[in-house]
There are 2 protein chains.
Amino acid sequence: MAHRGIYPKGVARRDEILDRALELVGSKGYSNVSLRDIAERVGVRPAALLHYFDSKEELFTEILRRRDERDEISPSAASVPASREAYLQILRHNAEVPGIIALYSRLAVDAADPDHPAHSYFVARHEMLRQTANAFADGHDGVPLGMPLPIDVTTRIVVAVTDGLQLQWLIDPDVDMAATIDALLDVLVPSLRAPSPPEPPRHVGDD
Amino acid sequence: MAHRGIYPKGVARRDEILDRALELVGSKGYSNVSLRDIAERVGVRPAALLHYFDSKEELFTEILRRRDERDEISPSAASVPASREAYLQILRHNAEVPGIIALYSRLAVDAADPDHPAHSYFVARHEMLRQTANAFADGHDGVPLGMPLPIDVTTRIVVAVTDGLQLQWLIDPDVDMAATIDALLDVLVPSLRAPSPPEPPRHVGDD
DNA sequence: GTCTATACAGGGATAGAC
DNA sequence: GTCTATCCCTGTATAGAC
């Protein structure tokens, strides 16, 4: 059972802990998940978990970091993955991973404490999204794109609405996050509007 | 020392508990405030607090309810307090009450659990804001007001951006919540825009 | 109605043995 | 790396004093 050279046992264990933890958050809710629960699910003792993570809070922050790596929202000016459809796709996908939105939202609140492990995560995340949005605008020849608001303000608003809709969605899962953001983008970034080849359904004051 | 007829001792005590609790949230952060801390500050034993509230969670939910009563955001179609400037004013005021935004945000997340005391609070709150916004639109002769999006979608977005900006503000207090919402309202509810060019920038197109 | 005293189950975290 | 054992803190239920 030789482990793959670049995939030592410790890393596999660590990943397994993160997977089991997210599963539990999805089925029981963040507040009801204890280190003991996770340990039981993994098949070890609670103290063993703290060998891989400094604290429970850090453990959960790592779940978000790993998710972002998978989603690849990193600011590569080349492929510009910040396009409208990619953003909405990530949103829709998150809504299908039980617990991930609850986890993200909970940590977004706890991160207000500068000492919380998630604090630096959210600071870095917002800066990354800002740069991605700027790179996207630059990719369009720096044209204002017909946007009614400055790029920084627009980015801040889109991020805020996304987070806020997630809070609403947690309370009422009937809230259609993607459709709402879609409508907002129509207004804030009109040049991004979907081609909608056949027949344009709406026509707000386009450029 | 006769207490005012309509203000029995129990109510005063209850209010004091809520005040001390909010103070502690402001100075120590929600997560670091225990019932023992509050009890100590009030000068009683922890169990005494549970004479006024069913649980710690209910205690904190009551702080939000009391705030809303003071702010008077209730849907009185008469005065339509949902006007732009009134809304922004409440936002600015909240930013000056240490802890209230942290408390609101934290409960907004915990309220995802239908059994949490804050669940019904947030459901009712959103429905109330929806009705207030609708009443406001009706007050303007039912004219679409030149809004690029339907009233319900607009309301949902404004609530979401408010909540989302609060999350950003908790992490970075330099975020200007009011200014950002102000800019967004310019776009989503253009008829509300202040006659900016020459005249003073205040004066919303109120009733 | 208001409160104290007490007790309990469960939480995260730590120290040190293996 | 993983264990056991332990520590201190949490929310809160209960019983009873005033």
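Q: What makes a contact between two side chains a salt bridge?
A: A salt bridge is a side-chain nitrogen of Lys or Arg within 4 Å of a carboxyl oxygen of Asp or Glu; the cases below come from a predicted model.

Q: Why is the pairing of A:E16 with A:R13 called a salt bridge?
A: The closest N and O atoms of A:E16 and A:R13 are 3.3 Å apart, and the limit is 4 Å, so the pair qualifies.

Q: Why does A:E16 count as partly exposed?
A: Its relative accessibility is 25%, and partly exposed covers what lies between the buried limit of 20% and the exposed limit of 50%, so A:E16 belongs there; A:R13, at 28%, counts as partly exposed for that reason too.

Q: How do you know that the span of helix 1 of chain A agrees with its number of residues?
A: At 1.5 Å a residue, the 20 residues of this helix (residues 9-28) should span 28 Å, and the end C-alpha atoms are 28 Å apart, so the two values agree. Just after helix 1 of chain A, A:G29 takes a positive phi of about 85°.

Conventions:
Residues numbered from 1 in each chain as written. Chains lettered and ligands numbered in written order. Predicted model: local features only at pLDDT ≥ 70, side-chain atom pairs only at ≥ 80, totals over all residues. Heavy atoms only, no water. Helix = DSSP H or I, 4+ residues; strand = E, 2+ residues; numbered from the N terminus. Expected span 1.5 Å × (residues − 1). Buried < 20%, exposed > 50% of the residue type's maximum accessible area, 1.4 Å probe, protein only.
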